[in-house]
Amino acid sequence: MKRESSHKLRMYLCYAIVISLYLCTGETLRSQPNISNNEELQSKAVDSVKSIRMAEMTWPDIKSAIEQGYTTVVVAVGSTEQHGPHLPTMTDTRIGDELAHRVAMKLGHTLQASTITVGCSRHHLGFPGTISLKDETLRMIILDYIESLIRSGFNRIVFLPTHGGNFPIVQATLKEAQIAYQGIEIIGVTDVMKFLDCLNAASAEFGIKANESGAHAGELETSIMMALEKNLVIKDRFAPGYVGLTGEKEIKIMWEQGTQALSKNGVLGDPRKASADKGDIYLNRLTEFLIQEIKEQSH
Ligand SMILES: [Zn+2]
């Protein structure tokens with residue numbers, strides 16, 4: 001978790017984008033592509049499952065869904081941290097929740113567990129409103145989620161981190177759980193570099209440079225939040241933050257001295273070219289990327 005490398009900054013950027021992808025929250029199972037060829041099973045599921053969000057369901061309905069083949073569950077791992085003067089502190093969590101929902105809908109026969117809303121954000125603690133977990137706390141939360149979800153009857157559990165600071169601990173904890181729970185598929189999309197490549201490719205299509213799309217609260221995350229929560233985005237505060245190189249030196253500064261040592265307003269990037277239309281496209285790209293990664297990891 002303490003690895004000081006440009007990896008982390010890239011991870012952050014990727015996470016922000018990933019979170020935004022989960023926009024399709026309003027859909028029900030009726031529109032969910034079903035991976036089963038069993039029409040009877042499918043019609044039963046459609047009749048009984050009105051939502052795939054377990055937080056909105058009763059235990060008998062969750063039990064019934066699992067018995068009907070909804071044995072995969074998706075969990076987003078977000079954060080509660082400053083996102084510059086123009087985005088809310090729930091940004092990573094909101095984007096993660098949306099992406100997890102979209103992924104669950106596309107995978108089919110999948111439920112969504114409550115998103116983990118606080119993550120490892122100590123480098124943002126210099127800004128009011130940031131709440132940070134210790135690495136060990138997040139590890140324990142993830143392990144408790146896994147134990148609980150296995151007790152419920154799920155046999156495939158997918159974790160989707162959407163905040164850079166969470167990626168290393170999610171990756172390490174899932175490796176630990178995979179050894180402890182053999183026979184249960186425990187998957188996570190935790191390759192930050194791949195994630196960042198997906199994001200950079202998306203913003204590059206609009207001629208936006210990587211230092212503008214940004215690692216944190218830049219054009220990319222801002223566009224996604226404009227698509228998801230336009231009333232919570234404060235446009236007249238759009239201003240560039242740190243837009244220089246983000247190499248190992250800069251990441252070291254951020255981790256050792258806090259984000260404020262690199263960016264006074266807490267932004268890494270420049271939100272001024274952000275738009276909801278681009279945010280929608282970024283969400284679609286991220287969802288496609290996540291689905292592909294999950295399928296590659298699945299047995
Ligand atoms: Zn973010």
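The charged end of Lys278 sits over the ring of Phe206, 5.9 Å from its centre; a charge counts as sitting over a ring if NZ of Lys or CZ of Arg is within 6 Å of the ring centre and within 35 degrees of the ring normal. Please keep in mind that this is a predicted model, where local features need pLDDT of at least 70 and side-chain atom pairs count only at pLDDT 80 or more, while totals for chains, interfaces and linings use all residues. Residues are numbered from 1 along each chain as its sequence is written, and side-chain values use heavy atoms, with hydrogens and water left out.

**Confidence and overall make-up**

The protein chain has an average pLDDT of 86, and 84% of the residues score at least 70; pLDDT is the predictor's confidence in each residue, from 0 to 100. Over residues 1-46 pLDDT stays under 50, and the model has 185 contacts beyond four places in sequence for this stretch, a contact being heavy atoms within 4.5 Å. Where pLDDT is low, the predicted coordinates should not be read in detail.

You will find 11 helices and four strands in the protein chain. Helices (H or I, at least four residues) and strands (E, at least two) are DSSP runs, numbered from the N terminus. Of the 299 residues in the protein chain, buried ones make up 56%; buried means under 20% relative accessible area, exposed over 50%, and partly exposed in between (1.4 Å probe, protein chains only). Among contacts in the protein chain with a separation of 6 or more, 82% come from residues 24 or more positions apart.

**Aromatic rings**

Back to Phe206. A search of the whole structure finds three aromatic pairs, where rings of Phe, Tyr and Trp (its six-membered ring) pair if their centres lie within 6.5 Å, with planes under 30 degrees apart counted as stacked, over 60 as edge-to-face and the rest as tilted. Phe206 and Tyr282 have ring centres 6.0 Å apart and planes at 80 degrees, so this pair is edge-to-face. Distant parts of the chain are linked here: Phe206 is in the loop between helix 7 (192-204) and helix 8 (210-213), and Tyr282 is in helix 11 (residues 276-297), 76 residues apart. Phe206 is partly exposed, with a relative accessible area of 35%, whereas Tyr282 is buried at 1%. Elsewhere, Phe167, Phe195 and Phe289 form one aromatic cluster.

**The zinc site**

Which protein atoms are the donors of the zinc ion? They are His83 (NE2), Asp92 (OD) and Glu221 (OE), lying 1.8 to 2.0 Å from the ion. Donors are N, O and S atoms within 2.8 Å of the metal (3.2 Å for Na, K and Ca), and water is not among the atoms, so sites may look incomplete. In sequence the spacing of the donor residues is H-x8-D-x128-E. His83, in the loop between strand 1 (72-77) and helix 4 (91-107), and Glu221, in helix 9 (residues 219-228), are 138 residues apart and link distant parts of the chain. His83 is buried, with a relative accessible area of 0%, and Glu221 is buried too, at 2%.

**Strands 3 and 4**

Strand 3 (residues 156-161) and strand 4 pair in the parallel sense over four bridges; two strands pair if DSSP finds at least two bridges between them. Ile157 stands opposite Ile186 in strand 4. Both faces of strand 4 (residues 185-188) are covered, with Glu185 and Ile187 buried on one side and Ile186 and Gly188 buried on the other. Lys175 belongs to helix 6 (residues 167-180) and is exposed, with a relative accessible area of 52%.

**Loop residues with positive phi**

| Residue | Phi | Relative accessibility |
|---|---|---|
| His109 | near 45 degrees | 5%, buried |
| Ala217 | near 65 degrees | 0%, buried |

His109 lies in the loop between helix 4 and strand 2 (110-112), while Ala217 lies in the loop between helix 8 and helix 9. The C-alpha atoms of His109 and Tyr70 are separated by 4.2 Å, although the residues are 39 apart along the chain. Tyr70 is placed in the loop between helix 3 (59-67) and strand 1, and is buried, with a relative accessible area of 1%.
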